[in-house]
Amino acid sequence: MSKSADVELAHLKTAIKYLIGLLEDGTLIARYDKATRVEIGIALNHLLHKVEDLPINVPERLVQAAAVRSIIEASEGYYAAAQMEMQENLELHMRQAEAGASIHGHTLSEWERVSGSDLEYQATCKMCGGFVYVSHNSTYNLLLDMCERIHIAEEPQ
Ligand SMILES: [Zn+2]
């Protein structure tokens, strides 16, 4: 006697819900990275609800699309957190560069965004023209140890 589709679906849902619980809990799979476990759990949860909402006779590629959308939605939290961390690191590097420049007598301009990147900035010393570049994961300090004003002979009036 073959099992009905309804019974198989009910079993599958129960097993997936239990799997989500295991992923969140992590005791059976402690060696899995926690953020990844949680994200897969969220993706499976989205998938259960999306499949429930699919109309009858939907094409297979739209069923597959539900899996892709579940993964994308589950990753949004990760990207938001990663973006915030990069922004915080960028601002930390700016404050460190400003403090370093000030100690060595430089007067930095406002930070200018490097074109083509949201997370790279540079500032120039108004006195000596040296500059410093910062990103979320690096700092390049091209300021001299002591600020030396470049004396430009002024044209007589
Ligand atoms: Zn300077």
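Two strands count as paired if DSSP finds at least two bridges between them, and the helices and strands themselves are DSSP runs (H or I, at least four residues, for helices; E, at least two, for strands), numbered from the N terminus. The model is a predicted one, so local features need pLDDT of at least 70 and side-chain atom pairs count only at pLDDT 80 or more, while totals for chains, interfaces and linings use all residues. Residue numbers start from 1 along each chain as its sequence is written.

On that basis, 4 strands make up an open, antiparallel sheet, in the order S1-S2-S3-S4. Strands S1 (112-113) and S4 (139-142) sit at the edges, each pairing on one side only. Between S2 (residues 120-124) and S3 (residues 131-135), 5 bridges are found; Gln 122, for instance, has Tyr 133 in S3 as its bridge partner.

Helix H3 (residues 60-103) packs on this sheet and touches S2, S3 and S4, with contact meaning C-beta atoms, placed from the backbone, within 7 Å. The direction of H3 makes about 160° with that of S3 (axes are lines fitted to C-alpha atoms, for helices over the stretch in contact; angles run from 0 to 180 degrees between N-to-C directions).

H3 itself has 44 residues and a kink of about 30° centred on Glu 76, the bend being the angle between axes fitted to the seven residues ending there and the seven starting there. Ser 70, His 93, Ala 97 and Ala 101 of H3 are buried (20 or more other C-beta atoms within 10 Å of their own). The buried residues of H3 pack against helix H2 (34-53), S3 and S4. Just past H3, Gly 105 adopts a positive phi of about 85°.

Definitions and conventions. Contact = placed C-beta atoms within 7 Å. Expected span 1.5 Å × (residues − 1). Buried ≥ 20, exposed ≤ 12 C-beta atoms within 10 Å, placed from the backbone.
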